[in-house]
Amino acid sequence: MADAPITALDPKARRRAARAIIIGSALEWYDFYLYASMAALVFGGVFFPSGDASAATLASFATFAVGFIARPFGGIVFGALGDRFGRKAVLSSTFLVMGVSSGCIGLLPSYASIGVAAPVLLVILRFAQGLGAGAEFGSAIAMSYEYAEPGRTGRLGSWPALGVNIGLFASSLTVTILSAVNEDFLYGWGWRLPFLFSFALAGVGYVVRRRLPETAAFERLEESQPHERRRPLLELIAGYWKPLLVVMVMTIAYNGASYVFKTYSLTYLKSIVGVPASYGTFGITLASLAAIITVPLVGRLCDRIDSRRILLVCGVGIAALAFPFFAVLGTGSKFAIWGMLILATGVVIPAALSAQGDFLARQFPVQVRNSGLGTGREVGGAFAGGLAPLAAVAMVSSSPTHSTLGVSLMFVAAGVLMLGAAAFDRSRRTRVAPATGASQKVAG
């Protein structure tokens, strides 16, 4: 199988590394998700011409999509840099990219002040956010996996997934608090505060991550093969396209299900079922809390029964929820809605993300791991994350009876894709000689 971690951190260093990776990922994704909430609530009126509120909101959501366009570029470019210059350097850089771009959003003048330059600058900064987000998760998975000793790759590989869910919870809680204070305060200048706070977070996060030790696996590679001689992207495409395909398919399955569960469900509840928006938003907040518990538990479980088996179960779970999900949401009962959102987005989806840390990292040897994770996850993720919610809206809106059959079939397809990607695990086909970092193909 792919190279196992070579040496482990001592307990004190491991705790420090866990804090840096989890908190760093949480803050990166806090910024990324915060933008989504503000795009829905505030940015239409601040950065786009007044008149048609729906058109302004749609335009603000278009800037949200720019982040998905940028993420593959971040994954590919920073993934290759991580394989040439180290995981620590990339994770420190991505934190600055995300933090500074988010902070600058809080400083942007409105459309009323500078005209069309306001939305143009917003798009540029959102693109920078996307670059940072695209570079973050793959590099964090690679570093977490390489910090672990054999038998602990599941729990350490789940660190970035825990950070993602903490970031989602923190962003939703921040918006809830700002909204509760006063709507005029939120729409006036209150929305700027969490973005401006990103400047301080970026500084602290950068220092914390720069103090992290480089992974032993990468240091061993650096000794045997200096970075001037490495061409990770070329080697990835030429020699590891099958593991790359496994990562892409897994991510398409996960993101397709995740974004429809988390985002389209809110639209469906408000526009089709006709319940208050708080039913969905509070349900997602509760689900985020459940996910913070689910992720580390599943990470430990991966070390006992293997992450591949966990992903097989999650694939079955996504397909099994395909039809009951909308049936329960359609009841309009807030407690039933909360329960279903917790099950889908607080248990099944986070369990799949947690298991992916170990499963995806072991598909590649150390010399192409960052490139493989960044390229595979972000290319596949941008495709599914950007198109799946749009397809769901189009199918239900075009149906005279607002049928959710098409969306349910999308969930079934996502479950089948996850099963297929897990079944074609390539980690046993490639192993790396620990002493040299050179890859060896295994027949069969």
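**Pocket, cavity and packing**

Mentor: Start with the lining of the second largest pocket: α1 gives the most to it, with five residues. Keep in mind that this is a predicted model.

α1 spans residues 11-41, and it has partners here. α7 (153-157), α8 (159-181) and α14 (277-305) also supply at least two residues each to this lining. The space in this second largest pocket comes to about 230 Å³. Its lining has 13 residues, and those closest to the centre are Arg-152, Arg-155, Leu-156, Trp-159 and Arg-300. By class, the lining holds seven nonpolar residues, one polar and five charged.

Rolling a probe the size of a water molecule over the atoms shows where empty space is left. Across the whole structure, three cavities reach 30 Å³ or more. The largest cavity holds about 130 Å³. α1 turns up again: along with α13 (241-273), α1 supplies at least two residues of the lining of this largest cavity. Here, though, α13 gives the most, with five residues. The lining includes Trp-29, Tyr-33, Tyr-254, Asn-255, Ser-258, Tyr-259 and Lys-262. Arg-71, Phe-137, Val-164, Leu-353 and Arg-377 line the largest cavity too. By class, that makes seven nonpolar, two polar and three charged residues.

Next, the packing. The largest nonpolar core has 81 residues, and Phe-325, Phe-411 and Met-418 touch the most other members. Helix α17 (residues 334-361) makes the largest share of this core, 14 residues. Look at Met-418 in detail. Beyond its neighbours within four places in sequence, Met-418 is in contact with Met-250, Ala-253, Tyr-254, Leu-311, Cys-314, Gly-315, Ile-318 and Ala-352. Another core lies apart from the largest one; this other core has 24 residues, including Tyr-35, Leu-108, Leu-125 and Trp-191. Note Tyr-254: this residue lines the largest cavity and is in contact with Met-418.

Leu-125 leads us to a serine. Ser-101 touches Leu-125, and also Leu-96, Ala-128 and Gln-129, not counting residues up to four places away in sequence. Ser-101 sits in helix α4 (residues 87-105). Its relative accessibility is 4%, so Ser-101 counts as buried, the cut-off being under 20%. Where does the side chain of Ser-101 reach? It reaches the backbone oxygen of Val-97, at 2.7 Å.

Past α4 comes a loop. Pro-109 lies in the loop between α4 and α5 (111-114). Set aside the neighbours within four places in sequence, and Pro-109 is in contact with Phe-47, Ile-114, Ala-118 and Arg-192. Leu-121 is 12 residues from Pro-109 along the chain, and their C-alpha atoms are separated by 9.5 Å.

Finish with a residue on another helix. Ile-69 is part of helix α3 (residues 53-85). Its relative accessibility is 52%, so Ile-69 counts as exposed, with the cut-off at over 50%. Ile-69 and Pro-109 are 40 residues apart in sequence, and their C-alpha atoms are 24 Å apart in space.

To recap the helix you started with: α1 supplies at least two residues to the lining of the second largest pocket, and likewise at least two to the lining of the largest cavity.

Definitions and conventions. Residues are numbered from 1 along each chain as its sequence is written. This is a predicted model: local features need pLDDT of at least 70, side-chain atom pairs count only at pLDDT 80 or more; totals for chains, interfaces and linings use all residues. Side-chain values use heavy atoms; hydrogens and water are left out. Helices (H or I, at least four residues) and strands (E, at least two) are DSSP runs, numbered from the N terminus. Buried means under 20% relative accessible area, exposed over 50%, partly exposed in between (1.4 Å probe, protein chains only). A polar contact is a pair of N or O atoms within 3.5 Å; within protein, one must be able to donate a hydrogen and the other to accept it, and residues adjacent in sequence count only if both atoms are side-chain atoms. Contact means heavy atoms within 4.5 Å. On a 1 Å grid over the protein atoms alone, a cavity is a set of points where a 1.4 Å probe fits but cannot get out, and a pocket is an open set with protein on both sides within 12 Å along at least five of seven lines; lining residues have an atom within 4 Å of a point. Grid points are joined across faces, edges and corners, and a volume is the space filled by probe spheres set on the points. Ala, Val, Leu, Ile, Met, Phe, Trp, Tyr, Cys and Pro count as nonpolar, Asp, Glu, Lys and Arg as charged, and the others, Gly among them, as polar. A nonpolar core is a set of buried Ala, Val, Leu, Ile, Met, Phe, Trp, Tyr and Cys residues joined through side-chain atoms within 4.5 Å.
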